[in-house]
Amino acid sequence: MLEHKIGFLSRKEILEFNKLQTLRRKRLFWGLSFFSLLFFSQVFKGFYLELIGIILFLPLFIGSIVGSRRQSLFLASLIQLKSFYLRQSSFLNSSFESSTSAEQMSDPDLARDLDLNLLFDQLNLCFSKQGEEQLNRWLCQDFAQSNLQQRQSRLKELIPLSGPIRRLQILSQKQKVDLSQLDLELSRPFIDPRLKWSWLIPISWGILMALVIIGAPVNLLKIVFFIFIATSLYYLNHTQYMLSRLESLSLQMGELNKKMGWLEKISLRLSYAPSLKQKTASKDLKKMNRLIAFIGVRTNPILFYVLNTLLPWDFLFSRLCERSRARFYQDFKLWAQEAIEIDTFLSLINLHTYRKTVWPEMDQKSFVSCIELAHPLIPEDKIVTNDFNPENFQAMIITGSNMSGKSTFLRAVGINFCLAQIGAPVFAKSFHFSPMKIISCIRVSDSLRDGKSYFFAEVQRMKKILKSAELEKVFFLIDEPLRGTNNQERLIGNQRYLKKLLQSQGQGFICTHDLELTKMTENNPTVINYHFSDEWIKDDLHFDYKIKKGPSTTTNALKILDKEGLL
């Protein structure tokens, strides 16, 4: 589907580029023809060459200019659309290059364990920095779980709006809007309230105009004019800081204004976002930008001094800007918060639009069960799905040989569980879950800076899981616990640790190579065994990456070592 669209856009791009080149050649020809006739009209008098140029070639020249500009904009939009689809295709093929590290995520440990930073980069098409931050927090489970159903229902309302959403997200690839910075700038007055004497400027100008009309003596005119100029210069000196503020504000508001029109169109089709529906934000943004443009004449010294000599120009438009700022700021926080929420939703809804996903369902009976569960960061043509629907268990011990798929399965469950809890679509044919806090211990590293060994860092993570499970319902994912110590102590430690987890509110999965740990199911009916297996075929190791009931019955470490000549 996406490959077809990308191929079509590539062919269309070539055709439109050729059209643009043709229009540019025509523009050059008509332009040269027009100016040549103007030149030769001065050499050959009486032939009315200038009239021929104006009547015939000038309209063609102007038309070619307008046409080439339209064609350039259309070609640019095609390129942007193709770039958007290439991004979605790279998600499908897992060829997307991530620029966000796990440390930049809201929960670095969870992000590192489940590769949430990779998923974040592939999902993130937010137009605002605050939308990005909220998407980051949501993926790392920093949100109110009570709003889960509301988030999912609001997300579903966006399904029919793929066209406007795509247009907005194409614009979002250029530059992000910082709504917090905009909020800060709008919260502060442009004009120092202590400049109350500044009203002398319009008063003195009004008196001056009245004196000119009635023909007052020149000396009196000079005195009033001097007062007007002196107060104007003093006012300009005390408000010169305002220009840099307004220039920065104009850039932010100009970038936001490009996106606000599409955001308001989207909001009209939604049951929420009442402030955006009023469509006042885009109007206020345009008005503010126009007023800022009038203040911007300060950048042209000649025009600036001429206008402020003839009129109280700067005083008038700075006051209008201040009045517009105060009125605009009253509604800003309301629609900005709605915009941030929709901005985050728009990145998540792409999972439904461009990927094979399903809407998860809450189920208090089983904390997680699924049919055809897939890992979202594996190329679509290499995905192996798994079904998982056990009943009445608290802990699952997953065993299996090296490279059989245990860790990948943990991450597939974890990353889909994170998506389900924020109301987003998940990568499965069916997904049922019971909302709870998710916590993991999969990728652990030592820290030279903090003086922590690998074993101690691992113990700290496992302690965090246990303490959390003692306080609230927790879904834990643990991969190869206590791998930083010897076999005998690891087994004893894991047995005792798992018993403590079973006495808490924790539920989850533990992957291990310790086959002795699987015997805990004999005395604990809430503990069950699952495994991944492998098969040797003509000295080659093959995996089906399918999870199966019961403990593992195969190992492959010695065979691999022997095959590689290490034994």
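Student: Where in the chain is F44 found, and is F44 buried or exposed, or partly exposed?

Tutor: This is a predicted model, in which local features need pLDDT of at least 70, side-chain atom pairs count only at pLDDT 80 or more, and totals for chains, interfaces and linings use all residues. Residues are numbered from 1 along each chain as its sequence is written, and side-chain values use heavy atoms, with hydrogens and water left out. F44 is found in the loop between α1 (2-43) and α2 (49-93), where helices (H or I, at least four residues) and strands (E, at least two) are DSSP runs numbered from the N terminus. Buried means under 20% relative accessible area, exposed over 50%, and partly exposed in between (1.4 Å probe, protein chains only), so F44, at 42%, counts as partly exposed.

Student: In what order do the strands of the open sheet of four run, and which strands stand at the edges?

Tutor: Two strands pair if DSSP finds at least two bridges between them, and the four strands here form an open sheet of mixed pairing in the order β1-β5-β2-β3. Because β1 (361-362) and β3 (386-388) each have a single partner strand, one side of each is left without a neighbour in the sheet. The strands at the edges are therefore β1 and β3.

Student: Which residue is the bridge partner of C370 in β3?

Tutor: Strand β2 (residues 368-373) pairs with β3 in the antiparallel sense, over two bridges. In this part of the sheet L373 stands opposite N386, while the bridge partner of C370 is F388.

Student: How far apart are the closest N and O atoms in the salt bridge of K19 and E16, and how are the two residues placed in helix α1?

Tutor: A salt bridge is a side-chain nitrogen of Lys or Arg within 4 Å of a carboxyl oxygen of Asp or Glu. K19 and E16 are separated by about one helical turn, because they are three residues apart in helix α1. K19 is partly exposed, with a relative accessible area of 44%, whereas E16 is buried at 3%. The closest N and O atoms of the pair are apart by 3.5 Å.

Student: How many residues apart are D115 and R443, whose side chains meet in a salt bridge?

Tutor: The N to O distance in this salt bridge is 2.7 Å. D115 lies in the loop between α3 (108-114) and α4 (116-123), and R443 in the loop between β6 and α17, so the pair links distant parts of the chain. D115 counts as buried at 14% relative accessibility, and R443 as partly exposed at 32%. The two are apart by 328 residues.
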